[in-house]
Amino acid sequence: MRKVEVLDYQTEWPLLFEKEKKVLHQLFQENSHTVFHIGSTAVLGLAAKPIIDLMPVVYNLHQVDALNEEMEQLGYVAKGENGLPGRRYFEKGGDHRTHHVHLFQIGNQEITRHLAFRDYLRMHSKEAQRYGRLKKENALLYSDDIAAYIEAKMTMVKEIEQLALHWYKTTK
């Protein structure tokens, strides 16, 4: 069973991101536009589940579908769109998850949503601390139920997301 664990910020998270980013760039080659570090591990000082979220942006999403076998050889499980149209989602590590890949084609609006959320928390440390406290509390309450953990933080996530999108549009 997958346990919900939220840790204080770990200094190795950016290094783990950079290592995996190189692997993905090499796999996607000329189709790779960029790879972003997203999610809570991308925000200095923010408590997070110790899972590195990567967001590769590619020129052609359909070319990625032909690489599912190669992704599996890297330890990833392909989950298709997994609820978000236009995304290719991969998980690595099974019940002891280490990485999530949220892959989009350049121009997809989800890219902006993810970057706005990350950048807003990077620039608003009080919001990041508030979010981190909630995540730690929820991890204790729902350590055996990832769905309940996610649901319990959803109100704050949506609130921050709205603030972040407004902030992002006015600062970019």
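There are 5 aromatic pairs to find here. A pair means rings of Phe, Tyr or Trp (its six-membered ring) with centres within 6.5 Å; planes under 30 degrees apart are stacked, over 60 edge-to-face, and the rest tilted. Select Tyr9 and Trp13 to begin: this pair is edge-to-face, 5.4 Å centre to centre, with 85 degrees between the planes. Trp13 is buried, with a relative accessible area of 2% (buried means under 20% relative accessible area, exposed over 50%, partly exposed in between, using a 1.4 Å probe and protein chains only).

Before you click further, remember that this is a predicted model, where local features need pLDDT of at least 70, side-chain atom pairs count only at pLDDT 80 or more, and totals for chains, interfaces and linings use all residues. Residues are numbered from 1 along each chain as its sequence is written, and side-chain values use heavy atoms, with hydrogens and water left out.

Now jump to Tyr120 and Trp167. Their ring centres sit 5.7 Å apart with planes at 75 degrees, so this pair is edge-to-face. It links distant parts of the chain: Tyr120 belongs to helix α4 (residues 109-123) and Trp167 to helix α6 (residues 146-171), 47 residues apart. (Helices, H or I with at least four residues, and strands, E with at least two, are DSSP runs numbered from the N terminus.) Tyr120 is buried at 8% relative accessibility, and Trp167 is buried too, at 18%.

Next, show the strands. What is the order of the 5 strands in the open sheet? It reads β1-β2-β5-β4-β3, with mixed pairing; strands pair if DSSP finds at least two bridges between them. At the edges are β1 (32-38) and β3 (76-78), each pairing on one side only. Zoom in on β2 (residues 52-58) and β5 (residues 99-105), which run parallel and are joined by 5 bridges. One to pick out is Leu54, whose bridge partner in β5 is Val101.

Helix α1 (residues 13-28) lies across β1, β2, β3, β4 (87-92) and β5, running at about 160 degrees to β1. Helix α4 also packs on the sheet, touching β1, β2 and β5, with its direction at about 40 degrees to that of β1. (Axes are lines fitted to C-alpha atoms, for helices over the stretch in contact, and angles run from 0 to 180 degrees between N-to-C directions; contact means heavy atoms within 4.5 Å.)

For the inside, select Leu121, Tyr131 and Ile160: in the largest nonpolar core, of 23 residues, these touch the most other members. Such a core is a set of buried Ala, Val, Leu, Ile, Met, Phe, Trp, Tyr and Cys residues joined through side-chain atoms within 4.5 Å. β2, α4, α5 (125-141) and α6 each supply at least two residues of this core, and α6 gives the most, with 7. Another core of 19 residues lies apart from it, including Ile52, Val64, Met71 and Val101.

Finally, zoom out. The C-alpha atoms fill a box of roughly 45 × 40 × 30 Å along the principal axes.
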